[in-house]
Amino acid sequence: MSEVRLRSLLDNDFYKITMQNAVIKLFPNEKVKYQFINRGKHHFPPGFGDELRRSINAMAELKLTRDEKEFLRITCPYLDLPYLDFLAGYHYDPSEVSIIQTENNLEVTVEGQWYRTILWEVPILSLISELHYEMNHMERNSNEVVIEKTLEKAAHLNELHVTFAEFGTRRRHSYKVQDLVVESLVRNNTSGNFIGSSNVHFAMKYGVKPIGTHAHEWFMFHAAEYGFKMANALSLEHWVDVYRGDLGVALSDTYTTEVFFQQFDKKFAKLFDGVRHDSGDPIEFANKTIEHYKKNGINPLFKYIIFSDGLNLEKVEEITKACEGRIGISFGIGTNLTNDVGLKPMNIVMKLIAAQSINGDWIPTVKLSDEHGKYTGDPKMIELAKEFLRIKN
């Protein structure tokens with residue numbers, strides 16, 4: 001079987017780049033662990049772990065090109081120049097990744113310095129997804145059908161007069177499908193509603209904006225380092241310290257939206273351009289966000305929400321109608337764009353599971369989203385977080 005290889009060091013979500021820049025600046029000595037979570041209970045065929053290992057070993061050969069470095073320098077002036085020099089010398093170290101396959105089960109963990117290991121999550125998930133379809137000999141729709149579906153969705157989104165970005169790297173069917181999708185969106189973007197991609201490689205390839213700020217792990221690490229009560233406020237404060245007003249979209253649901261808004265005070269509400277919704281009822285979230293801005297004397301029409309949780313056209317239309325004339329909105333559409341190929345998309349994630357303390361102990365990290373089924377982490381630590389943050393359900 002041919003190895004599934006990534007073609008570029010930038011074949012990754014942009015928020016991994018922006019967080020890596022911040023980690024190098026603020027937390028250069030911290031160690032972390034990540035773990036693959038097979039939410040969909042997918043079965044992996046014999047030899048899958050070996051093929052994944054070959055693909056991951058091949059990633060050690062990836063290197064930032066001069067053109068890629070120049071793209072980041074010009075397009076992302078908020079990234080520190082020393083960071084771009086660091087990235088130019090960066091290589092993936094496959095020894096940081098452990099892969100164990102037992103019959104149909106797959107265990108993947110990553111451990112090492114946070115500033116190095118932060119880039120592994122998204123490419124590992126995309127490789128697992130691509131290999132899953134390849135090794136199970138599952139045949140997708142033709143390129144023509146993929147393009148046709150993409151253009152139909154784009155046309156419908158244009159009719160709704162909403163802006164949207166492609167967010168589908170981690171659970172894409174394959175590199176080829178994501179390439180087809182982004183190329184189709186760019187080529188037919190006559191209205192300008194398609195505003196960019198979370199994938200830095202494709203953003204560069206097709207001349208669109210790379211989109212992203214930070215992920216749940218940013219807040220999860222801060223909780224392990226500073227405690228649950230300080231996690232949201234310090235995460236936001238540190239982000240502002242690094243980016244000074246750029247990349248101003250705050251992720252709201254790491255420890256529930258209700259807890260987030262308790263610390264997203266007038267200062268942060270004014271400093272950040274908007275918030276991102278990633279779990280729970282989107283319209284309920286929109287109503288809470290609008291009320292929060294109003295309570296702090298801010299016109300919600302000057303702010304916006306990026307919706308990014310399992311979106312399809314029906315959801316987008318429902319959200320658009322509910323928010324029209326009340327607050328700015330935009331959409332980050334992932335799996336429904338890059339894995340709508342006639343096969344069932346995988347339900348897989350990879351999460352930060354622990355951070356090492358000063359004395360060498362590993363502190364478990366947890367995520368308490370607005371969907372109870374999406375709680376992740378050590379059960380005892382989840383209960384501790386709920387107690388500290390006074391989350392009742």
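The buried residues of helix 14 (282-295) pack against helix 12 (257-263), helix 13 (266-271), strand 8 (274-277), strand 9 (304-307) and helix 15 (313-323). Buried means under 20% relative accessible area and exposed over 50%, with a 1.4 Å probe and protein chains only. This is a predicted model, in which local features need pLDDT of at least 70 and side-chain atom pairs count only at pLDDT 80 or more, while totals for chains, interfaces and linings use all residues. Residues are numbered from 1 along each chain as its sequence is written, and side-chain values use heavy atoms, leaving out hydrogens and water.

**Helix 14**
- P282, F285, A286, T289, I290, H292 and Y293 are the buried residues of helix 14.
- They lie on the same side of helix 14 because they cover an arc of only 160° around the axis, taken from the directions from the helix axis to the C-beta atoms.
- The exposed residues K294 and K295 are on the face turned away from the buried side.
- At the start of the helix, a side-chain oxygen of D281 comes within 3.0 Å of the backbone nitrogen of I283.
- G297, which follows helix 14, has a positive phi, near 70°.

**D278**
- D278 sits in the loop between strand 8 and helix 14.
- D278 counts as buried because its relative accessibility is 15%.
- Beyond its neighbours within four places in sequence, D278 is in contact (heavy atoms within 4.5 Å) with H216, L251, D253, S308, D309 and K374.
- The D278 side chain makes a polar contact of 3.0 Å with the side chain of S308 and one of 3.5 Å with that of R276.
- A polar contact is a pair of N or O atoms within 3.5 Å; within protein, one must be able to donate a hydrogen and the other to accept it, and residues adjacent in sequence count only if both atoms are side-chain atoms.

Terms used
Helices (H or I, at least four residues) and strands (E, at least two) are DSSP runs, numbered from the N terminus.
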